[in-house]
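The tour goes stop by stop.

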Amino acid sequence: MNFTRSSSPHHHIRRKTSEVMRMVIYAAVPGLMLQTWFFGWGAIVHLLLAVTTAVATEALFLELRKKDFEKAIKDFSAILTALLLAISIPPFAPWWISVLGTFFAIAIVKQLYGGLGFNLFNPAMAAYVMLLISFPVQMTNWTPPLELAQYSHGFVDAVYIIFTGFSAEGYSLAQLKTDIDGFTLATPLDSVKTELTMGKTLTESLQSSVFSDGLSIGWFWINCAYLLGGLVLIRTRVINWHIPGGMILGMLALSLIMYGVDSDVYSSPLFHLFNGGFMLGAFFIATDPVSASTTNRGRLIFGAGIGAWVYIIRTWGGYPDAIAFAVLVMNMAVPLIDYYTRPRTYGHYSEHKKSMKVAKSDKQP
């Protein structure tokens with residue numbers, strides 16, 4: 001009989017990298033569609049810009065490195081990075097935001113470290129943090145959901161705003177940020193955080209028009225869509241449950257404790273789980289196989305750490321949402337986590353006990 005020998009890790013379901021990347025992209029489509037439904041076509045325009053930039057940058061750097069860029073581009077990893085970044089930035093941010101961010105993600109965070117499989121940090125989140133720190137105004141210009149917006153906008157308007165700063169009818173981004181009552185609206189996380197610092201209670205903060213029955217308009221359903229897509233990825237074994245499970249548990253633990261301490265100041269676990277980009281981060285960003293932990297115990301710790309950091313930064317930090325910062329912090333901790341959670345080599349423990357017994361017997365008279 002002929003036996004096939006191969007090195008670890010051993011996968012029960014063998015898939016090519018391109019197939020895995022495509023399945024992740026497909027699972028993110030429902031969330032992207034709902035994001036477009038609630039906030040307009042800007043995410044689609046930025047996605048087209050980001051994908052074009054990602055493919056061009058990947059091809060350029062692989063050609064400079066004398067690599068087969070056609071084969072590398074077909075693995076869809078650059079397109080997935082572009083997707084995750086495009087849906088993370090405000091839909092009406094200037095065109096150069098997505099172009100600059102995608103170039104940074106592919107050229108600096110990915111190719112500078114050797115390409116796919118060698119990057120230390122999640123490329124999309126590293127690019128997001130770079131953009132947020134460098135261009136905070138452009139990266140925080142989220143418009144209200146379309147049902148609350150004073151001025152409607154379509155695909156043509158999205159193109160005009162992204163490239164010129166004004167809609168086809170001449171409305172500025174500042175005007176598009178106002179609701180039907182003429183007030184400038186912030187995102188639910190930003191709204192609550194700001195009003196709590198002004199001395200209002202959580203109940204008073206939730207009276208804002210961006211909330212309905214205590215749930216944020218738009219963001220709740222977008223998070224539900226990413227949750228559904230993530231469960232499909234777990235069901236098809238594209239990802240395992242440890243990282244998203246650990247991230248949800250980490251968030252639940254801290255939010256439950258603080259909500260129990262003072263429910264007038266600290267938001268409920270449901271509020272944190274279904275606001276901002278939490279479900280996107282749990283199932284599509286933190287599960288990056290290259291920059292995440294590689295052991296099951298390590299993945300649980302890695303995910304729990306991200307969930308805890310998200311809550312800490314959201315509650316006491318300077319940013320209303322913190323997925324990108326939390327992911328990068330835990331990316332830096334991955335070598336340490338893997339070191340202490342790696343499985344023991346077969347026979348290591350028994351040999352260690354045997355050597356200890358021999359050493360002990362040698363000491364006896």
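Start with Ile108: it is partly exposed, with a relative accessible area of 34%. Partly exposed lies between buried, under 20%, and exposed, over 50% (1.4 Å probe, protein chains only). Ile108 sits in helix H5, residues 95–110. Helices here are DSSP runs of H or I with at least four residues, numbered from the N terminus.

A note on the model: it is predicted, so local features need pLDDT of at least 70 and side-chain atom pairs pLDDT 80 or more, while totals for chains, interfaces and linings use all residues. Residues count from 1 along each chain as its sequence is written, and side-chain values use heavy atoms, without hydrogens or water.

Now select Ser88, Tyr128, Trp142, Trp219 and Asp321. Of the 32 residues lining the second largest pocket, these lie nearest its centre. Lining residues have an atom within 4 Å of a point on a 1 Å grid. The volume of this pocket is about 600 Å³. Its lining has 20 nonpolar, nine polar and three charged residues.

Which helix gives the most to this lining? Select H11 (219–235), which supplies four residues.

Last stop: H14 (278–285), another helix with at least two residues in the lining. Eight of its eight residues are buried, among them Phe278, Met279 and Phe284.

Methods: On a 1 Å grid over the protein atoms alone, a cavity is a set of points where a 1.4 Å probe fits but cannot get out, and a pocket is an open set with protein on both sides within 12 Å along at least five of seven lines; lining residues have an atom within 4 Å of a point. Grid points are joined across faces, edges and corners, and a volume is the space filled by probe spheres set on the points. Ala, Val, Leu, Ile, Met, Phe, Trp, Tyr, Cys and Pro count as nonpolar, Asp, Glu, Lys and Arg as charged, and the others, Gly among them, as polar.
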